[in-house]
Each structure stands twice: as structure tokens, then as C-alpha cells.
Amino acid sequence: MKIAKILATTDGSARSRAGVEHAVALAEAIGAEVELLHVAPRPADYYPLDRWIWGEKEAEAHHLEARALTTARERLDGFVATLPEGARAQVRPRLELGTAHEVIVKLAGDEGHDLIVMSTRGAGGLDHLLMGSVTERVVRRAPCPVLTVPG
């Protein structure tokens, strides 16, 4: 099996950097391309749905979503700027809104990625029990192999 397309994920944190660096190193070694994905949550996911359904609230929802995209784009661009020059040249940044594990799995399947590379955050205790891990959810549902890198 040839690995030609790698989907690397970042939440913009220092912990996610390890996964991105591994994805870039692997891509350089095997001649693959790297798409660097940051998934920002939709503001509507954090507010009750009824706030966004009627009248003027719809305009407010669009404004909040545009602000969320701008903030996420700045975060992604800032993250990419901290990568070594060779790595910056190798990655193709991409920003999406949604639920991280759902977007990652869908994108990997729809666009034919051969490998997903992502850092683990090491969440434990109550946080892990209540919310689960994005990495764990991706591993369970991914349409391709997932390389996890300790963050």
C-alpha cells in the first residue's frame, strides 16, 4: 500500500506539534503530501439551538461563525509560522468548522487520505470519561490507518 496523502491534525497547541512534525518527516521520507487540518468548533454547538432559529438571531449566528473562523484561521496560521521552514513548505493548511473527530473521519474518507497522523493529548480522569478523546474516536472510526504520536 502506497501512502501518498497524509492528513495531519492540529488544535494549535504545542502538544499537537509532535504529530505534525512526525507527519512531515514521514512525508519527506516517502514522497507524500501533507494536509494540515485544524477543526474549529461551530459557535452554535455551544449555545442552545433555539437562539439561532428565529429572526435577528440568525444574523448574530453568522457573525459569531465568521468571528470563529477568523480566530481559528489566525491560530492555524500562527501554528504554521512556528514550524521549521522546510515543514512549512511541505504542509497545506486547511481549516474546517465542526466537531473534530467527525470532520477528520469524513475528510479522510471523502478525500482519499491514506494515513491520519495525530498527537495524543493524554487526557485522563473525568475529562476523558465525560468527553472521550478525539484521537480515540478517530481511531475507532477512521477509514484508513491512524498514526498516533504522544504529545
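The model is predicted, so local features need pLDDT of at least 70 and side-chain atom pairs pLDDT 80 or more, while totals for chains, interfaces and linings use all residues. Residues are numbered from 1 along each chain as its sequence is written, and side-chain values use heavy atoms, without hydrogens or water.

Q: At roughly what angle do the axes of helix H5 and helix H7 cross?
A: H5 spans residues 100-110 and H7 spans 134-141. Axes are lines fitted to C-alpha atoms over the stretch in contact, with angles from 0 to 180 degrees between N-to-C directions. The two axes come within 9 Å and cross at roughly 35 degrees.

Q: Is His 113 buried or exposed?
A: His 113 sits in the loop between H5 and strand S4 (115-120). Buried means under 20% relative accessible area, exposed over 50%, partly exposed in between (1.4 Å probe, protein chains only). At 5%, His 113 is buried.

Q: Which side chain makes a polar contact with the side chain of His 113?
A: A polar contact is a pair of N or O atoms within 3.5 Å; within protein, one must be able to donate a hydrogen and the other to accept it, and residues adjacent in sequence count only if both atoms are side-chain atoms. Here the distance is 2.9 Å, and the partner is Glu 35.

Q: How many bridges join S4 to strand S5?
A: Strands pair if DSSP finds at least two bridges between them. S4 and S5 (residues 146-150) run parallel. Thr 120 stands opposite Pro 150 in S5. The bridges joining S4 to S5 number five.

Technical notes. Helices (H or I, at least four residues) and strands (E, at least two) are DSSP runs, numbered from the N terminus.
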